[in-house]
Structure formats: C-alpha cells, structure tokens
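Hello,

Here is the structure I promised to hand over. Please open it first, then read the notes below it.

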Amino acid sequence: MKKRMSAREAAGLVRDGSCVWLAGGGGGINDPCHFLGELEQCFLETGHPRDMTLCHSAGMGDKQGGGADHFAHAGMVKKVVGSHWTWSVRMQELAAKEEIEAYVLPQGVMSQMTRDIAGGRPGLISRIGLGTFVDPRVEGGCMNRRSTEQLAQVLEIGGREYLLYKAFPIDVAVIRGSTADEDGNISYEQEGIVPEALSAAQAAKNSGGIVIAQVKRVVARGTINPLQVKVPGVLVDAVVVDPEQRQSLLTDYDPSLSGEYRVVTEDEDSRMPLTERKVIARRAAEELGENDVCNLGFGMPDGVAAVVKEERGLPPVLSVEQGIIGGIPQGGSNFGLVRNPMAILDQPYQFDWYDGGGLDVTVLSFAQFDRHGNVNVSKFGGRINGVGGFINISQGAKKVVFVGTFTAGGFRAQVEEGTIRIMTEGRNKKLVSQVEQISFSGAYARENGQKVVFVTERAVFELTPEGVKLTEIAPGMDLKRDILDQMEFVPVMDEEIKIMPARYFEA
C-alpha cells in the first residue's frame, strides 16, 4: 500500500508555515493523537514544522496534552482559529501570554466553511454570529491583543445583514477514520461522530494541499462497501495506522456509540438526585413540547433529558451538533457521543439544519447574562473558553432556554419540603450589568422573534422588548435578599410575580 506511512514519515510531509485543519472533537473523540504526537515530537527534535496556522471546528483535545495541545509550543504555531478552546489547556496559556494569535469562530461556521473552500468560493455567507463577539463590529472573534486580522466582513443582501467569513487555503487536512483500504478509501464504522472530514479533505486538495488520515486498521482493496466510504482514497495522500486508537479519552470502544448495535439501557439508577440541578432541569423541561426537536448543551442541560424520561416516560427527539439525531446524549468528556443513535450525519449538514430553524428548542448553559438578554459563555476571568456550536444553536432555534445557578463560586443550596434554601451564596454574581463577552445577542433575538427563557434554581426570567423580565420565583425566596441583591441590574417586573410550583422541589 503506497499511501501507508509511519506517523513520523507522515509528519515529514508537513511544511513550515502550513495551514493545518484538524477534523475531530473534544474529549479525545475522533482525535488522530498517534499522528499528532509524532508531529509534535518532530518539532521538539528538529524545530520543524514551525510557524503554522492551526484550525479546528470543534474543541480538539483532552486536557492531557492531546488534540490541539500537540501544537502548543512556542514557535510551532503562530495563529490558531478554533471554535472551542477548553480542551486545549496549554494552547489557552499561549493565547493568554500573547504568544500566538487567537481567534474563535462558531463551530458550524467553520465546518461549513470547508465546503466553500473546497468549492473555490470566496467564503461562507451566514447570519450566524451577527451581534455577537464574532461580528467584526464587536470583537471580530479576536481573543487577545495580538489578534488583529478581520476574519469576517458585513454584507447587505436584499436589505438584510449577513457576515461573509472569508475563505483561505488549507495546506494540510488531518482526519481520522476507522478503516482504510489499499487505495486509501476511509470508512467510519467504529467512530461516534463524522466531522467535516470529507469537506476538509476536498478543501485541502483543491488548495493544492495534502490529506493525512489516521485509521485503526487497513483492509484489502474493494473490501469497504462504497456506500460506507466517507473520504475517497483519491483525496488521501498518507494513511497512518494506530491499532490502539480509542473512540474517546473515556471510551476505548463501545459499539452502541457508533450505532453498530443497540443496547438496553437500565432505568433503575438513572433518577437524578434532588438538588438545585434537578430543580433547574424540571423547570426547563416545561419549555419542551412533546414532539419538539431539541438540542441539549454541555453541562447542566443534560439533566433535562433525564427528568423528562423520569416524569413523562419518553424524552423528546434529541440531537447534538456533532451530527447525531436520536439516542441518549453522553455527558462529561464524552459529550458529543450518543448511545443508540438514530442517525449520524456529517457535521456540516447538521449545522445547515440548525441554522435554518430546524430546532424547535434548545437548552444551553449560561455563565453570565445581562439586562439586555446578552449571554456570555465564551470568555470570563480573562480565560478563553470559546463557543463550540453555541452561536449556531442559540441563533437558529425557535426557542432558547438558558440554565444555570444564580451565583457561582462556593454556591450551595438544599432542596427540601417543596422549597429551596440557600446554604452558602456564591462569590460571583452571574446576572450582571454587562456581560464580559457577547456569545448570544439579546438584540438579535428580539429582532428575530425568538422566545428566550432564563431558568435558575430560585427564579425564572424572560427576554421581553423592555429587557429581561423576572416572571417566577421559588417558594420561600425573599425577593430583595435572595433575588435582587444578588443581581447587578434591576429586572423588569410586574406587581405580582408567579411562584414556581412546589412539585419542582419535591422528591
């Protein structure tokens, strides 16, 4: 097999100054770590390749030096464009020290942009990002002082504003699949996600670049069913084999995550304990209709599916931005994988659907929100977090439900006897006069008629034309002490405020 190479041989194909595109996911999901480790070692030993630009549409890494962190050495990269930075701790540090240019663009925008690069178009035209920190009139996705390049520009088409995210050549696309045949055709039968691998490969080849694929095994020519080939061998220049590659950092191999077979899930131990998280999940679940198509974000939103299943019997139709519909979304470092999926799509197509309004409702976490309904999840305390698919999801859904505790940093509460008691108030207020960075634009939401609800353990708010309105408070809460004194702004209020039902606070 002429295309088969050792990881070190394939690393030797990457030149100084290359623009490298990584197609994969966070938590070690679809991470070509064997090849990336050799590329890193090559730089450490020789000082090459250096001065690269690194692009990744999803959060690439595992917080243990994997993914994008293989590039996190002074001089190895000069610029990084990624949607999510949480998984690449060392790269965050380089950005904070101003040692690299650091940019964030939405996950959907980046995955879709590979198709425009492949097609020779000037870029991606989209309304996603308007009014947020990626809008060039706000921050342009620039995450430190060293970052000054304008990655997008504002256009007006038919009297409506759009953003043109500018295309650029890709020199090296690094992808990962399950199997390669002797011609380099790649299939994904043991992978839990199918990122923008095909589009990235096409973009690299049409840019005059190369494609390096890591796989678990090689089979004879003609063995792979043509319908299962996700990236044809005509696009692939090098195949690196890693028999030990895992589905994710957490999971070696679970066929129920790749849809190869379905498993029976046990319900006995799946009930959520009665904490403030369950209270929030119960109230947020009230915003989900029986037949709604939903997206649940990372963290606290994953409790919504659990309480709906507990209390209604069947969860709504769930989807995740990595391209999966149906099944049981996984949490923690396996976020992005789904047990017993109904369908696994190429990621860019999922975002096409999301952007066009395919989601009836989404439940997403918030780090901060302000009087205007702006939400921040991308940058706080000076640390670059990024947004992943947050902007695409929140701007495309018909209804957005943001969830989180009222305060953070040492917050403790006790739920009992149909009420909630605040044991220790958090040090940090999350309902602020102005968010540190606009990940979700309240003005854009009002302009487009979105319903926006904010759910906490002690109060519920809605976004109205007049601003953020307090609509419900938990039983036992003092309006001044527990609500208003813990906010940096005074919300819109009616004379009478609804009390949240006691059943949310009962076992």
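**Helix α4 and its partners**

In helix α4, Q107, G108, S111, Q112 and R115 meet Q347, P348, Y349, F351, D352 and D355 of helix α8. Contact here means heavy atoms within 4.5 Å. By class, this contact of α4 with α8 has three nonpolar, five polar and three charged residues. The classes are simple: Ala, Val, Leu, Ile, Met, Phe, Trp, Tyr, Cys and Pro count as nonpolar, Asp, Glu, Lys and Arg as charged, and the others, Gly among them, as polar.

Two notes on the source before we go on. This is a predicted model, in which local features need pLDDT of at least 70 and side-chain atom pairs count only at pLDDT 80 or more, while totals for chains, interfaces and linings use all residues. Residues are numbered from 1 along each chain as its sequence is written, and side-chain values use heavy atoms, with hydrogens and water left out.

Helices (H or I, at least four residues) and strands (E, at least two) are DSSP runs, numbered from the N terminus. α4 spans residues 107-118 and α8 spans residues 347-355; their axes come within 9 Å and cross at roughly 120 degrees. That makes α4 oblique to α8. Axes are lines fitted to C-alpha atoms, for helices over the stretch in contact, and angles run from 0 to 180 degrees between N-to-C directions. Under 35 degrees counts as roughly parallel, over 145 as roughly antiparallel, 65 to 115 as roughly perpendicular, and the rest as oblique.

α4 also packs against helix α5 (residues 197-206), at an angle of about 35 degrees, with the axes 8 Å apart. T114, R115, I117 and A118 of α4 make this contact with S199, A200, Q202, A203 and N206 of α5. Its residues divide into four nonpolar, four polar and one charged.

**Helices α6 and α7**

The axes of α6 and α7 come within 8 Å and cross at roughly 70 degrees. The two helices are therefore roughly perpendicular to each other. By class, their contact has six nonpolar, one polar and seven charged residues.

Which residues of α7 (residues 302-312) are buried? They are G303, V304, A305, V307, V308 and E310. Buried means under 20% relative accessible area, exposed over 50%, and partly exposed in between (1.4 Å probe, protein chains only). The cover over them includes α6 (276-285), β16 (293-296), β17 (317-320) and β22 (361-365). After α7 comes G313, whose phi is positive, near 100 degrees.

Now look at R282, in helix α6. R282 is buried, with a relative accessible area of 7%. Leaving aside neighbours within four places in sequence, R282 is in contact with residues including V307, E311 and Y504.

**The cores**

In soluble globular proteins, nonpolar side chains tend to be buried together. A nonpolar core is a set of buried Ala, Val, Leu, Ile, Met, Phe, Trp, Tyr and Cys residues joined through side-chain atoms within 4.5 Å. The largest one here has 109 residues, of which F35, F71, M91, F402 and F461 touch the most other members. Apart from it lies another core, of 31 residues, among them L296, V304, V453 and V455.

Last, find L39 in helix α2 (residues 33-46). At 1% relative accessibility, L39 counts as buried. L39 and A11 are 28 residues apart in sequence, yet 5.0 Å apart in space, C-alpha to C-alpha.

Best wishes
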